[in-house]
Amino acid sequence: MDKQSDIVQGTLDMLILKTLALEPMHGYGIAIRLEQMSKGVFRPNAGSLFLAIQRLQRDGLIDGEWKATENNRRAKYYVLTKKGRQRLNRETREWGRQAAAIARILEAS
Amino acid sequence: MSLLRKLGSGLRSLFRKEKVNRELDEELSSYFEMAAEAEIRRGMSPGEARRAVRLEHGHVDTTKELVRSAAWESFVEILWQDLRYSLRGLRKNLGFTAIAVLTLALGITANTTVLSWMSATLLNPIPGVAHTSDLVTIGRGDRSDFPTPPFSYPDLRDLSERTQTFSGLLGYHEDYMSLTGVAKPERIYGALTTANYFDVLGVQPILGRTFLPEEGIRHAGAAVIVIGYAVWQNHFAGDPQIVGKKIQINRHPYTVIGVAPRDFTGCKTGLRTDLWIPLSMDRDVWGSNRPDYRGIFWLNALGKLRAGVTKNQAEAELKLLMQGIVERFPEDHRDSPNEISLDPLWRSPFGINGYLYKIFPMLLELAAVLLLLACANVASLLLVRSVGRRREIAIRLATGASRKQIIRQFLIESLLLGLLGGTAAIVITVWTSRSLGAFFPPSTLPLTHDAHIDQRVLFVTIAVSIVAAITFGILPALRSSSLPVQSVLKEEATSVSLNLHKSRLLSGLVVAQISLSLVLLVCAGLFTRSLQKAQQSDPGFEASHVLLASYELSPAGYTRQTGAAFDRQVLDKLSALPGVESVTLADFSPLSFSIHTDYLQLEGYVPQPHESMEISRAVVGPNYFRTLRTSMLSGREFTEADTADSQLVAVVNQAFVDRYWPGENAIGKQVTDGPSRFTIVGVARNAKYRMLTYPSEPVIYLPIYQSYHSTQDTTIHLRTTGDPGTMASSVEETIHQLNPELPLFNVNPLSVTMQLGSLFARVAATFAGSFGLLAMLLAAVGIYGVVAYTTRQRVREIGIRMALGAEKRGIYRLVLGQGFRLTLVGLVVGTALAVAFTHLLKAQLFGVSETDAITFTSVGLLLAVVALVACHIPARRATRVDPMVALRYE
């Protein structure tokens, strides 16, 4: 994801929001879930992942809270805020529209 | 707001860096461990797993660094972008920027200047003592603008021994001392103090020690002295071995035991003390033994409250204790008021704060009004400017900028303007803060003033700049970010964008500027008229052509007898000088805070309970009334024949007679002052010796040869036929012929020295006056800017009107009328505001009512004319519009 991550920075943000929309999760959990859901296509690097998490948190789209994991380890769990959910919805719609448009362009040529 | 959030998280990560770092460490470590555990579950060995994770994600510390720096950098980057954009905008429009910054700088300077003065006086009452909030000054009797020391030593000692509410009570008495036995003898203001003086204040000497308890009142062993930093530097070249050396005060030897820190110059605000001697040395310094008497009130007192004790509790306790003392020693307290009152140092009646605390807060209010006006002015400029930027903003909005981003951008621009204004204000204040000194005329008092920009002033300036920036920036920011994007983009440049009457906000700002400047101008007018009335009022003496010069005899070794003989010689020699009309002596000079008081008993007058019989007392030479041209209403004035051997006589003024012997003939009545009885031989016209603005108060005059106080200054009053200033050198020569060693000081015309009596009125009038003028200027610029701008916007409309046959006069009236309507509204609102505001000034006014019709009318007219002139320029320009050009315009 190194070179690509710049291009799809916004995409990574959206994907993180999507994973958190299902349930609160810690950083590693997000990474695993992304990998699972993309069937191995996205394996975000820890650095890119935490940069994105930090950005989202700063913008008030997600919130963090320290909790114990199932293995009794302490980890910071992230939750989608109301604002985050709105953003996700909006971006999902926008994404669909753009993807369709791009597909049309590509097919036309 | 996202800017705030970013600011918040950015600052949080700055301030709580450690905590944030720790959390990030923990989070990333656990991420890496979980990843490694996953690999282990897939069958790798722990070592292999860790290597695999590192291969995929990089080293944990590198990742940490990456994340950490990104957080801060992105914050800084966004801010930097906005800043650069704002700077570019301000640079592109230098005229606007310069006017806005200058306007703000003036508004802020008004505040910082007053604040720098307050900071140096009210807020820092004892330089060199950081914490003065638990210190109170103790007074006796009704609060007075000219209070006298409240305690005798035995009274203060008794209070100090019994009090439970104070951790310490210090007493001191200040007076001039002469540093003798040095190359150039100097008159220095010094203090006799109780032994605990430095301990209660918490002042540590920079060399040696301060007084020991046993040195306080029993005089055993050598006399000791603590010298001030300035004396140490100026007379002893900062000698590091000074402790233990002997110096001379009033020709008595003293052993230096310590040097006070540089900042510390006594505990009376505005008056500088440079020597400290224990009370026990009263006899050495002045040949008296005042500490032995319970009936002589000569000590000022300061108390340090115990922790948790309030001022009121302490006051109640001291009142009770004082009552007990009065009951036990009724004889010593018969003629004096015995009510105790405590004051925090910022409004201590002793020292300069007693006057300043009434003036400075008021000036600060006026300065705040001026700043508000400046904010309204800049807000209207910003608003006008933002109209010109409508397209730019609309394009930004259309290309995806959020409204918040636009507001942030505007606010950053305002902050930039505010901070630029603040910076300029600080530069100006460096100079204006020192201008306080310019108000002080030459004086025999050791007045000191050290206003400068300190930390407090700097901090408040920055805070004020930011608050001001938000105040003037928020409305234009909100207004211009809520554009109907579509219509703005469609609207071609030709269309008319904004009319004055269409923009309530802009009109409101113009009205605000006019009304606020009216308020300030009214205050300026009232203060100026009040000062004028005071200066023109008849003081009861004639100040012109009078030269003053002072000397002090006792430090020079004169006794009562030799001193009186010297005084006679002085009068003889001086009256023989050419150009001298008459000459006399006095122990004070008018309107320079130098008249003394005494407790008197009057024949046939029974004081009310608690009535203070402390009355102004002037000791004067023969021909005093003739020289000062204060006429005698009945009886005679003093002559050479009133000597120690003749009958003791006194003169009183009309106010004295009116107050104590109304309707009676005062001549022949008896007055008792301490051990002496004086017979009244004359009644003089009232003359004002304290302040011109005060009502005439009773004064008793005693002849100098009968009531000789060798410990006090003697001031020569010389009436000349010509310019008194030119006589100075011949007076000095004459005195030096009589005694070459005797220093003559404060040789100045009376008309100069008496300015001290109007010091505070002049400070108030000067400040209020300059605020008023600035306010008028700002309002004029403000209304001009708005009318000129809107007229430019209406060029097309005007062109059409002219094309349809409108006359130039009509166009002129159209534009002028628009501006003038706003001015009228502003004047009405301003008058209402001013009426509400000026009653705060009532106590400071002399001879004018706070609703003085002349002031209100003339200020209103002045402002109306100024506003008309400001509108006239754009109105004239409008009449020159060429319809053809206007219609093709853009």
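Predicted model: local features only at pLDDT ≥ 70, side-chain atom pairs only at ≥ 80, totals over all residues.
Colleague: What does Phe166(B) touch, leaving out residues up to four places away in sequence?

Modeller: Contact here is two C-beta atoms, placed from the backbone, within 7 Å. The C-alpha atoms of Phe166(B) and Leu302(B) are separated by 9.9 Å, although the two are 136 residues apart along the chain. The residues that Phe166(B) touches are Gly303(B), Lys304(B), Leu305(B), Arg306(B) and Ala314(B).

Colleague: And the rest of that strand: how many of the 15 residues of E2(B) are buried?

Modeller: E2(B) runs antiparallel to strand E9 (residues 300-305) of chain B, joined by six bridges, with Gly171(B) opposite Ala301(B). Strands pair if DSSP finds at least two bridges between them. E2(B) is mostly covered, and the number of its residues that are buried is eleven.

Colleague: Which residue in the hairpin of E2(B) and E3(B) takes a positive phi?

Modeller: E2(B) pairs with strand E3 (residues 186-193) of chain B over eight bridges, in the antiparallel sense, and His173(B) has Leu192(B) as its bridge partner. Their hairpin has five residues between the strands, and the residue with a positive phi near 75 degrees is Gly181(B).

Colleague: Zooming out, how many residues does H11(B) give to the side of domain 2 of chain B that touches domain 4 of chain B?

Modeller: Domain 2 is 93-121 + 355-491 and domain 4 is 504-534 + 754-890, with bounds from an automatic or database domain assignment. In this pair, 28 residues of domain 2 of chain B are in contact with 33 of domain 4 of chain B. On the domain 2 side, helix H5 (94-120), helix H11 (353-388) and helix H14 (455-481) of chain B each supply at least two residues. The largest share comes from H11(B), and its number of residues is 19.

Colleague: How many residues on that domain 2 side are nonpolar?

Modeller: Ala, Val, Leu, Ile, Met, Phe, Trp, Tyr, Cys and Pro count as nonpolar, Asp, Glu, Lys and Arg as charged, and the others, Gly among them, as polar. On that side of domain 2 of chain B, four residues are polar and two are charged, while the nonpolar number is 22.

Colleague: Where in H25(B) does the kink lie?

Modeller: Helix H25 (residues 853-879) of chain B reaches 38 Å from its first C-alpha to its last, close to the 39 Å expected, that is, 1.5 Å times one less than its number of residues. The bend at a residue is the angle between axes fitted to the seven residues ending there and the seven starting there. The kink is about 30 degrees and comes shortly before the proline Pro874(B), at His872(B).

Colleague: Which helices do the buried residues of H25(B) pack against?

Modeller: Those buried residues include Phe856(B), Leu863(B), Cys871(B) and Pro874(B). Their packing partners, in chain B, are helix H16 (504-536), helix H22 (759-793), helix H23 (795-803) and helix H24 (808-838).

Colleague: Last one: which element gives the most to the side of chain B that touches chain A?

Modeller: Across the chains, 18 residues of chain B are in contact with 15 residues of chain A. Helix H1 (2-15), helix H2 (17-41) and helix H4 (60-92) of chain B are the elements giving two or more residues. With seven residues, the element that gives the most is H2(B).

Terms used: Residues numbered from 1 in each chain as written. Chains lettered and ligands numbered in written order. Helix = DSSP H or I, 4+ residues; strand = E, 2+ residues; numbered from the N terminus. Buried ≥ 20, exposed ≤ 12 C-beta atoms within 10 Å, placed from the backbone.
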